[in-house]
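My plan was to look up a few local features and write each one down.

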Amino acid sequence: MSDALLGHSVPRLEDQRFLTGAAKYADDLNLEGQLYGVVVRSTHAHAQIAGIDIEAARAVGGVIGVYVEGDLAADGVGDLPCSAELPVESGLYIPPRPALAKDRVRYVGDHVAFVVAETEDAAMEAAELVMIDYDPLPAVVDGMAAQVEGAPQLWEGAPNNIIYRFQKGDKAAMEAAFASAAHVVELDIVNNKISAVPMEPRSGIGEYDLARETYKLTCAAQGLHGIRSQLAKSIFRVPEDQMELVAPDVGGGFGLKNFVYPEWVLLLWAARKLSRPIKWTGERGEEFASATQGRGIRTQGRLGLDAEGRFLALDADLVADLGAYLSGAAPGASTRAAPTAMGGGYKIPTIHMESRGVFTNTAPIDAYRGAGKPEANFITERLIEAAARRCGFDPVALRRLNVVEDYPYETPQGLTFDCGRFGPNIDDIVRLLDRDGFEARRSTSKANGKLRGLGISSFLETSRGAPQEGAEVRFAADGQIELRVGTESNGQGHETSYKQIAGSRLGLPMDAFTYIQADTRKIRTGFGHGGARSMHMGGGAMMHAIDEVLEKARNVAARLLQADADGLSYADGAFSVTATGQSISLADVAVEAEGSLDTFVFDEDVPFTFPNGCQAAEVEIDPETGHIELLRYVAVDDYGTLVNPMLTEGQVHGGLVQGIGQALGENCTYDDESGQLLAGSMMDYWLPRASQLPNIEVHLEGVPTKANPLGVKGSGQAGCIGAPQTIVHAVLDALASFGIDEIDMPVTSEKVWRAIATAEN
């Protein structure tokens with residue numbers, strides 16, 4: 001493989017259009033004769049729908065139709081599915097979820113009616129005139145409170161609002177280990193509910209071709225093949241080849257755009273009913289209220305240690321607040337995903353996890369960057385930090401004592417680490433931070449009336465997502481080589497990375513390739529980008545496809561050069577006869593091959609990769625106000641081989657900032673009494689600004705994995721897996737002199753101020 005491209009920080013090809021306004025997002029697209037849709041949403045968290053009066057709305061000029069649940073039901077439109085698969089003993093309950101609420105609304109933002117008009121202004125005016133007669137019901141917005149006897153019940157099929165009960169691990173072995181432990185620490189751990197807040201809200205255009213009897217949805221979405229399958233099979237009940245999905249440029253997603261939403265159903269149904277394209281674009285307030293939210297898990301955790309500090313057992317009892325309905329993959333984070341990372345990169349002989357999913361009168365929860373792995377790492381690291389502080393161990397030495405250092409290493413969950421640098425990551429962090437000089441820095445802060453804290457934590461990602469993926473290489477008539485991949489970008493730089501991979505393997509410049517993604521008409525199959533999987537799964541499949549292309553091409557070239565195939569060498573885009581120097585270009589071979597070089601590869605049963613790292617933060621706190629200033633953030637991370645170091649570092653920066661945001665302020669807050677969303681706009685939902693962040697230092701130290709031919713490990717989710725606990729540990733270190741060793745995220749200035757005031761009194 002040529003190193004001319006692979007491993008180099010090539011600037012993103014996409015940036016030319018992104019930065020010059022030439023990018024095309026779903027909301028930029030308009031079709032001739034299109035109509036506009038607006039969703040009428042519930043203003044109540046929980047209420048019976050006593051009646052809906054649409055006459056005034058229908059009378060607005062330009063309004064084509066106002067539709068309610070019965071209109072869709074009359075046409076046989078199915079409910080939105082949840083694809084989660086859990087063991088039978090979990091008792092998983094999946095409630096019906098029509099695209100428009102039937103009889104009852106269950107959260108503020110629930111979909112009640114759909115207005116279609118000639119203009120967006122007319123649709124919005126009419127939406128204001130849809131009169132809904134609500135009979136309010138009691139609401140519950142807290143996952144713990146939802147299970148209490150007498151709490152408002154959202155669904156008859158889920159007594160005490162419990163959706164499932166899930167277990168992983170050997171409970172008897174765990175209890176025996178705790179019985180023998182010299183030290184046991186326990187914590188009540190809150191992983192706060194947050195919004196993804198992608199730069200681009202959801203948007204889409206639905207079309208229906210009567211002659212071909214086909215639906216088409218152009219949308220700001222990811223994982224299109226999965227969405228297509230659910231729309232076709234479960235909702236519209238048509239063959240998949242009658243459902244086409246296309247995504248243009250997508251401005252961020254972080255999991256939020258991976259699922260079937262009521263809006264996609266409404267657009268396609270109304271387009272078929274009215275025989276015209278229909279466009280909908282979500283406003284920011286709609287996204288806060290009705291798009292999926294993330295995290296929302298509360299855990300009772302325990303860690304057992306022997307007298308020397310060696311970990312013996314970890315026990316985690318999770319309660320996952322999943323909102324009012326089950327979104328497409330909602331139970332996954334708190335069931336199948338979390339155990340893969342529980343225990344991190346530490347030698348913990350026995351790990352047991354139980355989780356319960358519960359309904360609340362809030363927006364549905366689903367996968368958000370990391371989906372279960374951030375929660376598991378947060379539980380693990382918070383328990384380790386508490387053990388160090390309560391039992392008299394040095395936090396760094398305790399981690400270093402217990403990290404995995406010999407490979408392969410099999411975890412209690414049955415996964416096998418093929419490689420990693422858990423220990424060296426910690427050593428590097430200690431050196432880079434000048435930990436030995438921290439007390440002097442703390443003294444300087446104290447002299448200035450400030451509290452200074454240093455937090456360190458490690459992380460483990462289990463990266464793969466779906467264990468299968470496809471990639472295709474095709475030689476187009478214009479001489480371009482098409483790279484068709486089943487993963488999809490929402491800003492990561494796939495167009496650049498895949499061209500680097502192909503260019504390096506084939507010895508051709510990047511402009512020889514055309515990258516094609518997110519189009520179910522052109523991509524045979526695909527499992528999207530979720531799970532930090534694009535280079536591992538998509539890149540691996542692409543490498544296998546290119547290798548098959550070269551093998552086919554070698555035989556054609558041998559025939560054309562009248563030479564033995566074993567006597568050919570390949571470099572710089574051409575086959576050469578080693579003995580004579582005669583050569584022929586891959587382009588000429590492709591012409592002679594007449595399409596026979598086109599290759600599709602579908603990789604199955606691919607193992608996980610295990611990105612890992614250690615991160616540290618220094619903070620300074622004003623005890624008079626609780627204000628927290630993040631002074632420094634350092635990460636030493638292992639992502640294996642780097643296709644493009646600059647893009648990897650950018651992914652890590654983005655994830656770190658999201659994790660820092662969750663730790664310091666982001667929070668989907670609801671009123672306990674009314675169930676109203678209190679963080680429904682950028683005025684109410686705190687996001688970190690560049691001015692509040694230091695220069696984040698990322699050091700990429702990779703150990704290549706053998707799980708794929710590139711040696712890569714996923715980097716897309718790692719930042720927000722490691723950052724929350726790192727920030728919390730730094731804050732707690734600053735507050736240690738007050739005897740404070742617990743504080744819940746988000747760690748706001750007010751919360752810090754109150755903790756200090758309580759400790760002083």
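My entries follow, grouped by topic.

**Ground rules**

I am reading a predicted model, where local features need pLDDT of at least 70, side-chain atom pairs count only at pLDDT 80 or more, and totals for chains, interfaces and linings use all residues. Residues are numbered from 1 along each chain as its sequence is written, and side-chain values use heavy atoms, with hydrogens and water left out.

**Entry 1: salt bridges**

I began with a count. How many salt bridges does a search of the whole structure find? The search finds 51. A salt bridge here is a side-chain nitrogen of Lys or Arg within 4 Å of a carboxyl oxygen of Asp or Glu.

I looked up Arg12 and Asp15. Their side chains meet in a salt bridge, 2.8 Å from N to O. I then checked how open each one is. The scale is relative accessible area: buried is under 20%, exposed is over 50%, and partly exposed is in between (1.4 Å probe, protein chains only). Arg12 has 22% relative accessibility, so it counts as partly exposed. Asp15 has 23%, so it counts as partly exposed too.

Next I took Arg58 and Glu55. Their salt bridge is 3.6 Å, N to O. Both residues lie in helix α2 (residues 55–58), three residues apart, which is about one turn of the helix. I noted the naming rule: helices (H or I, at least four residues) and strands (E, at least two) are DSSP runs, numbered from the N terminus. Arg58 is partly exposed because its relative accessible area is 48%. Glu55, at 49%, is partly exposed as well.

Then came Arg390 and Glu742. Their closest N and O atoms are 3.0 Å apart, in a salt bridge. Arg390 lies in helix α10 (residues 373–391) and Glu742 in the loop between α18 (718–734) and α19 (749–760), so the pair ties together parts that are 352 residues apart in sequence. Arg390 is partly exposed at 36%. Glu742 is partly exposed at 39%.

I also found a network. Salt bridges that share partners join Glu381, Glu385, Arg389, Arg399, Glu439, Arg442 and Asp733.

**Entry 2: a charged patch**

Which residues form a negative surface patch? I listed Glu120, Asp121, Glu125 and Glu283. Patch residues have over 30% relative accessible area and no salt bridge, and like charges are joined within 9 Å. Asp and Glu count as negative. I placed one member, Glu125, in helix α4 (residues 120–129). Glu125 has 47% relative accessibility, so it is partly exposed.

**Entry 3: a buried glutamine**

Is Gln615 buried or exposed? Gln615 counts as buried because its relative accessibility is 0%. I found Gln615 in strand β26 (residues 612–621). Its side chain is joined to the side chain of Tyr633 by a polar contact of 2.7 Å. A polar contact is a pair of N or O atoms within 3.5 Å; within protein, one must be able to donate a hydrogen and the other to accept it, and residues adjacent in sequence count only if both atoms are side-chain atoms.

**Entry 4: backbone angles**

I wrote a reminder first. Most residues other than glycine have a negative phi, and most peptide bonds are trans. So I kept an eye out for exceptions.

Tyr407 and Pro408 are joined by a cis peptide bond, with omega about 0°. Pro408 sits in the loop between α11 (395–402) and β16 (409–410). Met745 and Pro746 are joined by a cis peptide bond with omega about -5°. I located Pro746 in the loop between α18 and α19.

Phe254 has a positive phi of about 60°, although it is not a glycine. Phe254 lies in the loop between β11 (243–246) and α7 (262–274). At 25% relative accessibility, Phe254 is partly exposed. Ala371 has a positive phi near 45°. I found Ala371 in the loop between β15 (350–358) and α10. Ala371 counts as buried because its relative accessibility is 17%.

**Entry 5: two C-alpha atoms**

Val403 is buried, at 2% relative accessibility. How many residues apart along the chain are Val403 and Tyr346? They are 57 residues apart, and their C-alpha atoms are separated by 4.2 Å.

Definitions and conventions:
Patches are made of residues with over 30% relative accessible area and no salt bridge: like charges are joined within 9 Å, nonpolar side chains (Val, Leu, Ile, Met, Phe, Trp, Tyr) within 5 Å. Accessible areas come from the Shrake-Rupley method with a 1.4 Å probe; for residues, only the protein chains shown count as cover. The place of a charge is taken as NZ of Lys, CZ of Arg, CG of Asp or CD of Glu.
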